[in-house]
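The sequence and the structure come first, and the description follows.

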Amino acid sequence: MSDLIEQWQERVRAASAAGTALQIRGGGTKAFYGRAPAGEAFDVRGHAGVVNYEPTELVVTARAGTPLAELEALLDDSRQMLAFEPPHFGATATIGGCVAAGLSGPRRAAAGALRDFVLGVKILDGRGEVLTFGGQVMKNVAGYDVSRLIAGSLGTLGVILEVSLKVLPRPVAEATLSLAMSEGEAIARLNEWGGQPLPLSASAWSDGVLNVRLSGAEAAVRSALVRLGGEVVAEDAADAFWAGLREQTTDFFGDAALDEAGTSLWRLSVPSSAAPLKLDGQQLIEWGGALRWLRSTAAAEAIRERTAALGGHATLFRGGDRTTEVFHPLPAPLMTIHRRLKHAFDPAGVFNPGRLYEGL
Amino acid sequence: MNFDAEAPAPGERDVDFSAVDKVRLVEALARVLPAGALRYDAEDLRPYECDGLSAYRQLPLIVALPTREEEVVEVLRTCHELGVPVVARGAGTGLSGGALPHAHGVVLSLARFNRILHLDPHARTAVVQPGVRNLAISEAAAPHGLYYAPDPSSQIACTIGGNVAENSGGVHCLKYGLTVHNLLRVRGVTIEGEIVEIGNHGLDAPGYDLLALITGSEGMLAVVTEVTVKLTPKPQLAQCVLAAFDDVIRAGEAVAEIIAAGIIPAGLEMMDQPATAAVEQFVHAGYPLDAKAILLCESDGTPEEVAEEVARVRAVLEAGGATEIRVSRDEAERMRFWAGRKAAFPAAGRISPDYYCMDGTIPRKRLGEMLEAIQAMERKHGLRCINVFHAGDGNLHPLILFDANEPGELARAEDFGAEILELSVALGGTITGEHGVGIEKINQMCSQFSRPEITTFFRVKAAFDPAGLLNPGKAIPTLNRCAEYGRERVSKGHVPYPDIPRF
């Protein structure tokens, strides 16, 4: 065990003994996400570097503080990628923060979410123990799947020290189409296409325009272009479009859009086939219809009620009051299990308290 | 906080359930279940005494066969109140003894939950009860050009509830994922009788990823009563490439070269010469018998995609020293290529009175080392072993051949298996890729995980099942078990693989 990890173990034990809250932090690019952070800063960037990467194993293992950009550049050298296209939200994003936030980008509906690619984690729990779960192999059912539990837990269960992720080859060919159509028509078409063997890898509808990205074998992309119709977007413009969507730098997401008094950005996760939601505000639809971004001044209750009725959930993604619940409230039996799990990993409640839910 | 003074996590020590009163339990369950939903005479219990791992057998006290979720709730509440262990059971096809009954407990069969509740071809989802067979979902989806992707070899019989419990895989999971990648939502009941909805009708859910936690939890966290699965568009075409190699290591390298070329095949399987010989006399698949190993590499998609990928695969295999390459010319030939691989288990049963199937996963690059080590183990234990692999994802299924009627052979086969699993861990892999720990591999859990990690598993279990009544004694070894196992390993004169770096 390195000196640094031993220091961290000591610090966590001391914090647990004293009941001192610790705010685990990487590059700070996702500090806006979740409820307001609290506690003494616990910076993990000192624990950085790729531990193991062998392209033919389709696995990369990296320490939590490794910059996400550096990791993706390394994969790109071997024509591989993190297929869930995680948003960076800034140049300083780390892989630890990426896994803790659990966010996935445009390719998610086609390739899977971040949690689908997590193979193993090494964490520091609230007792100061270094624990390893999962591993570096594709298939592993020994013990409970704690690695995926850690993904998206916003640092409330432990300090992520190291992660192993499955990686995939970059597609041989890629092309983007732009089609003019209404919201209802876009949702219908996306679901129809989703049921056919088409190489769809991303979709985005807003303002009467549907953009779809096709990725795969040359022949498959070529024949899908003909079949779907619409206008082919030039490669540079297409790359810029999908990067802007992934990083939320386009006008729809821009800070200016949230400056209006009381406007918040909501992330609505619903069944892909749900008809237009007809909520007040502007929408951008991704993931074949399963993810709807809503810029709105509507009351949280109205938005939550509408998404819950569809079997989905709503997150107050940006803006609004970060001291209220930003994630969809859980039914009592699930909240009980959440509290017990939190206590199992972090009995003194020192890691990112209240970041996910109040009291967690 | 002083953690040294912490009490052990619930379940961490062995619990004695021998005080369970069968008469009282039958009376209590008869009050909450309709007539015909309870079995307690020895001859009625016999069909439940084991699952697919028939070396372990145990009669339960009672078998309960509810048909409605309210009945499941009542059975669990009753067992919770009386402190009775509960083992949930689907079709009983599991290979690790996960559904082995508890001597003082109830087997809760979900066999009567056998309806597909809703299939939405537009949203590509199906809501099914846990007792629905894996293949039945694909059959129901077929008219819409859809199917349920995970295809464990037992798919004709195994149930989706059991698949959730084991996180089942299959031959196509490198490209299409395991059960955990193909679920949206699970509805279940805790031992306390609370109904929980885990996951969502959308692609994600708020809070901790409990869906991942419950998938592969071997019936130890909650009892599943409803499952929402994703359906996948059926590929238009599939084609299979069969390649022969005169050296097993070369075949292993060819697998890595296919991946390095940026190809993720729909299936990538390998068989060694003894396995090929065993199946050939059984199914006449036309395999080259002089090859030291054969690879089966499947491409699927549109006809254009498949043609492009098959050409790339062929080029890699030629450059990689394959001695013979055949590409299936039609569906009949493709099925024939696969027939041999799929018949590996029955073929082992034909050439040997008994066989023991292992399930370790290792990094692909260590395949050669593993095969050489298995050859040495064959000599050491005086038993033969034939090898089939899900080579694409490093999942090995060595089949150890033995005769249970020969004194000592079962014990030797178990030692042989334990040695393979421990080497899997030492090579950076895991003791189980897709069959689960159950009772079979519970000792080897002590090799793969440290004591604090195992304690964490018990704490996770207690978050769902504080009383420790769901499938106790499975999957996660108690303190005593690991202590005894450690003594046994050392007393045999060595610590396994002391010189191999652990990571």
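## Terms and numbering

Axes are lines fitted to C-alpha atoms, for helices over the stretch in contact, and angles run from 0 to 180 degrees between N-to-C directions. Two residues are in contact if their C-beta atoms, placed from the backbone, lie within 7 Å. Helices (H or I, at least four residues) and strands (E, at least two) are DSSP runs, numbered from the N terminus. Two strands pair if DSSP finds at least two bridges between them.

The model is predicted: local features need pLDDT of at least 70 and side-chain atom pairs count only at pLDDT 80 or more, while totals for chains, interfaces and linings use all residues. Residues are numbered from 1 along each chain as its sequence is written, and chains are lettered from A and ligands numbered from 1 in the order in which they are written.

## The eight-strand sheet of chain A

Chain A holds an open sheet of 8 strands in the order β13-β10-β12-β11-β15-β16-β14-β17, with antiparallel pairing. Its edges are β13 (231-233) and β17 (313-318) of chain A; each has a single partner strand, so one side of each is left without a neighbour in the sheet. Direction ignored, neighbouring strands of this sheet are turned by 20° against each other on average. A:Leu268 has A:Ala314 in β17(A) as its bridge partner.

Two helices lie across strands of chain A. Helix α8 (residues 218-228) of chain A lies across β10 (173-180), β12 (209-216) and β13 of chain A, at about 10° to β10(A). Helix α11 (residues 300-309) of chain A lies across β14, β16 (291-296) and β17 of chain A, and runs at about 140° to β17(A).

## A four-strand sheet in chain B

In chain B, 4 strands form an open sheet with mixed pairing, in the order β1-β2-β4-β3. Since β1 (38-39) and β3 of chain B stand at the edges with a single partner strand each, one side of each is left without a neighbour in the sheet. Helix α1 (residues 22-32) of chain B packs on this sheet and touches β1 and β2 of chain B, with a direction about 10° from that of β2(B).

Strand β4 (residues 106-109) of chain B runs parallel to strand β2 (residues 62-64) of chain B, with 3 bridges between them. B:Val63 has B:Val107 as its bridge partner in β4(B). Strand β3 (residues 86-89) of chain B is also parallel to β4(B), joined by 4 bridges. Here B:Ala88 is the bridge partner of B:Leu108, and B:Arg89 stands opposite B:Ser109.

## A buried strand and its hairpin

Strand β17 (residues 384-390) of chain B has 6 of its 7 residues buried, so it is largely enclosed by the rest of the structure. Strand β13 (residues 267-272) of chain B runs antiparallel to β17(B) over 2 bridges, and B:Met270 has B:Phe389 as its bridge partner.

β17(B) also pairs with strand β18 (residues 395-402) of chain B, in the antiparallel sense over 7 bridges. B:Arg384 stands opposite B:Leu401 in β18(B). The two strands, β17(B) and β18(B), form a hairpin with 4 residues between them, and B:Gly394 in the turn has a positive phi of about 70°.

## Around B:Val327

B:Val327 is found in strand β15 (residues 324-327) of chain B. With 18 other C-beta atoms within 10 Å, B:Val327 is partly exposed. Leaving aside neighbours within four places in sequence, B:Val327 is in contact with B:Gln239, B:Val241, B:Val310 and B:Arg314. B:Val310 is 17 residues from B:Val327 along the chain, and their C-alpha atoms are separated by 8.2 Å.

Methods. Buried ≥ 20, exposed ≤ 12 C-beta atoms within 10 Å, placed from the backbone.
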